Amino acid sequence: MSDFSANRDFGPRISACPACDAAPLAERVAGAAAARGDLVLSLPTAHCATCIADVERALLAQPGVRAARVNLTLRRVMIDAPGRSAEELIPVLENIGYEAHELDASILTSTAAERQGRDILMRIGVSGFAMMNVMILSVAVWSGATGATRDMFHWISAVIALPTVIFAGKPFFVSAWHSLKAGRLGMDVPISLALILASAISLFETINSGTHAYFDAAVMLCFFLLVGRYLDFRTRAVARSAAEELTALEVPRAILLQDGAEQVVNVADLAAGDVIRIRPGARVAADGEVIAGMSEIDRSLLTGESLPVQAGPGVVLSAGEVNLTGPLDLRVTAAGRDSSLTRLAHVVAMAEATRGRYASLAERASRLYSPVVHLLALFSYGLWLYWTGDWRVALNVAAAVLIITCPCALGLAVPAVVTAASGKLFKRGLLIKDGTALERLAEVDTIVFDKTGTLTMGRPELISLDALPGDLRPVALAIAGASGHPLSRALAAALVAEGVAPAHLDRVAEVPGFGIEGEVQGRRIRLGRADWVGATAPESADGPVSVLAVAGYAPVLLRFADALRPGAVACVAALQDSGRRVIMLSGDTPTAVARAAKDLGVTEFRAGVTPQDKEAAIAALATQGAKVLMVGDGLNDTAALARAHVSISPATALDAARVASDMVLMGQDLAPVAGAIELARQARRRIKENFAISIAYNIVAVPFAMMGLATPLLAALAMSVSSISVTLNALRLR
Amino acid sequence: MEILFILIPVSILLGAGGLAAFLWSLKTRQYDDPKGDAERILSTEWDDRPRPPPQKSEP
């Protein structure tokens with residue numbers, strides 16, 4: 001829920017930051033374009049040095065562009081160009097062969113995350129420096145330095161290590177303090193205790209020229225745990241910035257009609273009663289009623305229906321629908337956050353609440369681990385105090401126990417596995433938004449697919465090309481090519497693939513809501529609805545149809561079907577082969593659903609399912625004990641996505657559906673879904689192995705520590721060997 | 001053993017130098033675009049003279 005509102009919260013962030021103007025000069029120079037970043041464009045195809053040079057040169061050659069800098073890692077270009085709009089600059093890039101899309105700069109909030117990342121990196125740098133220097137001195141002590149030399153080395157170590165522990169350990173101290181205040185015993189409490197106790201004991205021993213000091217262990221602990229924390233942060237930052245980019249690609253703008261003049265405004269500024277114009281191909285920005293214009297509307301993202309519906313004056317539209325053919329003027333009835341989106345947010349929040357919070361493996365492990373470690377340390381302290389009556393020795397043993405049991409494996413191994421796994425999935429085109437999603441994915445035994453837009457492309461494909469006589473094909477291509485309607489585009493694509501050359505049209509006019517009309521050598525040609533072209537409508541239409549009527553020829557009925565998404569058949573087959581149950585729930589008509597099910601090999605399917613039914617179906621499966629993976633893209637899937645054990649939506653899905661799901665499929669191919677479950681199972685196995693490895697280390701090392709035999713050398717060895725072995729095990733993931 | 005009085009400060013100073021360089025590179029945001037920086041070195045633009053600083057812009 002918090003995610004949902006955060007993503008919806010488009011505030012005027014640029015002006016809300018007066019301190020930005022006073023930022024240090026160094027930051028300003030390097031990030032000049034980013035800081036003022038009037039425009040941010042996404043460059044999905046940029047990949048090399050030439051791309052950078054081309055894009056920057058082309059943009060800087062434009063009047064009004066003051067700075068342009070490509071960030072190849074993010075595949076974006078930041079442009080400082082007051083007075084220029086993205087619509088003017090995108091064609092400049094397209095002319096030199098680079099695909100470019102405008103990004104909504106107000107959503108790209110990665111600067112705060114970047115600062116956090118730099119902060120952790122700085123602490124890693126400092127603790128790394130301290131670790132190396134203290135280790136040099138410690139090795140000298142371990143190899144036999146005695147007397148004044150040892151004391152001097154201890155003192156130098158103390159001077160380096162104490163400030164380092166205070167600075168580098170701050171994130172652990174802060175988080176431990178928070179969890180103590182909340183009455184919990186998090187993983188950071190034993191870490192902080194070990195850091196503080198080790199430093200204090202070592203300082204005390206140094207002052208009294210004792211033999212053992214644990215300065216090296218304290219800084220090493222900081223270093224390893226910070227590395228784990230940074231890995232964790234990177235994984236989440238990469239996922240968040242990619243998810244933000246998807247959201248930012250849909251710049252929320254609408255065309256407001258005021259006294260007959262068009263004006264581009266932000267969707268957030270719309271109010272009930274405004275009149276907005278929806279151009280063909282655009283998404284309806286707000287709920288409202290059509291007051292002028294005729295067109296067809298694609299509702300598939302809302303209802304799952306693959307057939308477009310007619311829209312004319314009086315028809316009520318909801319935000320998220322796509323206008324297909326003619327411009328429509330709409331009187332807004334509910335805008336922005338008051339519209340269907342709020343109702344949806346409510347449903348999603350309800351569904352998420354019923355799902356409950358998932359405790360990750362690491363959380364469950366640390367819940368067991370923290371009390372055990374504290375009890376062990378306390379027990380050793382009491383035992384040694386009883387035996388020797390010397391609190392100094394007892395405290396030394398307790399500190400050794402805390403250091404040796406410290407959760408390097410827990411803090412480093414889990415992030416290392418998750419980072420490796422999500423990096424692999426990201427390369428295959430699957431973006432993980434939620435940290436525990438990987439573990440939940442590993443448990444999945446039932447997969448529920450939506451049809452339209454998920455298993456299919458939500459885009460029609462011509463299936464009756466043979467019905468079109470060869471001599472009509474050039475004419476058909478010419479007239480279809482003149483229209484932006486999805487059926488016309490599908491017809492044109494099919495004909496172009498056949499190598500047909502278009503005929504020359506003398507006259508062409510689109511009649512919104514009905515079809516397109518043209519003239520070739522005096523013959524009238526119409527392509528569109530059956531009743532409009534003067535043909536009888538087919539009795540059983542199990543998919544979209546269009547009729548081509550050329551004067552002097554019999555009308556040709558063209559049938560279309562929703563094209564299957566690439567990889568969909570293979571994905572369903574792979575899931576079924578692995579013994580999982582595959583179900584298809586769709587809001588589309590029974591015939592269309594049955595045909596898609598037959599093509600895909602899905603045996604369990606239901607048609608005409610409402611959004612409530614979808615959520616209920618998933619809830620019913622959950623009560624039967626099934627772990628459900630929901631894959632869907634529409635508003636009608638959103639509640640089901642939030643309710644399912646784990647959920648995936650394609651990048652073409654509505655923003656709300658992407659926000660509600662745990663993972664986003666970046667490419668068109670559906671095949672990575674099946675592989676992702678296997679990878680997730682492998683990752684879970686690695687995490688468990690890593691727990692086993694660190695438990696084994698502890699079983700060997702803890703008795704030594706409790707017997708008072710643990711020297712600083714042994715502690716350093718145990719810590720680094722266990723950290724390195726769990727990291728290597730994590731990297732074995734394929 | 002007197003050599004230690006020279007060598008230990010030297011080793012710490014060298015380490016501190018490395019740390020300072022790392023912190024400077026962090027401060028000047030040199031890790032924002034690692035891929036882009038790796039590619040930019042191959043570009044022949046600005047090989048003859050340094051790139052002029054971005055034009056001064058008044059809000």
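In the predicted model, A:S295 has A:A311 of β10(A) as its bridge partner. This pair belongs to the link between strand β9 (residues 295-298) of chain A and β10(A). Three bridges join the two strands, and they run antiparallel. The sheet is open and has three strands, in the order β10-β9-β12 (chain A). Its pairing is antiparallel. The edge strands are β10 (309-311) and β12 (322-323) of chain A. Each of these edge strands pairs on one side only.

Helix α22 (residues 590-600) of chain A has a buried set made up of A:A592, A:V593, A:A596, A:A597 and A:L600. These residues lie on the same side of α22(A), because they cover an arc of only 130° around the axis. The spacing follows a general rule. An α-helix has 3.6 residues a turn, so residues three or four places apart point the same way. Several elements of chain A cover the buried residues of α22(A). Among them are the helices α17 (451-455) and α21 (568-577). The cover also includes the strands β16 (456-462), β21 (556-564), β22 (581-585) and β23 (604-606). After α22(A) comes A:G601. The phi of A:G601 is positive, near 80°.

A:A535 sits in the loop between α20 (530-533) and β20 (545-550) of chain A. A:A535 counts as partly exposed because it has 17 C-beta neighbours inside 10 Å; a buried residue would need 20 or more. Neighbours within four places in sequence aside, A:A535 is in contact with A:A530, A:V547, A:A549 and A:P555. A:D329 lies elsewhere in the chain. A:A535 and A:D329 are 206 residues apart in sequence, and their C-alpha atoms are 30 Å apart in space.

Chains A and B also meet. In this interface, 25 residues of chain B are in contact with 26 residues of chain A. On the side of chain B that touches chain A, α1 (4-27) and α2 (34-40) of chain B each supply at least two residues. The largest share of that side, 10 residues, comes from α1(B). By class, the side of chain B that touches chain A holds nine nonpolar, eight polar and eight charged residues.

The mean pLDDT of chain A is 81, and 90% of its residues reach 70 or more. Over residues 1-36 of chain A, however, the pLDDT is below 50. Beyond near neighbours in sequence, this stretch has 35 contacts in the model.

Notes:
Residues are numbered from 1 along each chain as its sequence is written. Chains are lettered from A and ligands numbered from 1 in the order in which they are written. This is a predicted model: local features need pLDDT of at least 70, side-chain atom pairs count only at pLDDT 80 or more; totals for chains, interfaces and linings use all residues. Helices (H or I, at least four residues) and strands (E, at least two) are DSSP runs, numbered from the N terminus. A residue is buried if 20 or more other C-beta atoms lie within 10 Å of its own, exposed if 12 or fewer, and partly exposed in between; C-beta atoms are placed from the backbone. Two residues are in contact if their C-beta atoms, placed from the backbone, lie within 7 Å. Ala, Val, Leu, Ile, Met, Phe, Trp, Tyr, Cys and Pro count as nonpolar, Asp, Glu, Lys and Arg as charged, and the others, Gly among them, as polar. pLDDT is the predictor's confidence in each residue, from 0 to 100. Two strands pair if DSSP finds at least two bridges between them. The arc is that of the directions from the helix axis to the C-beta atoms.
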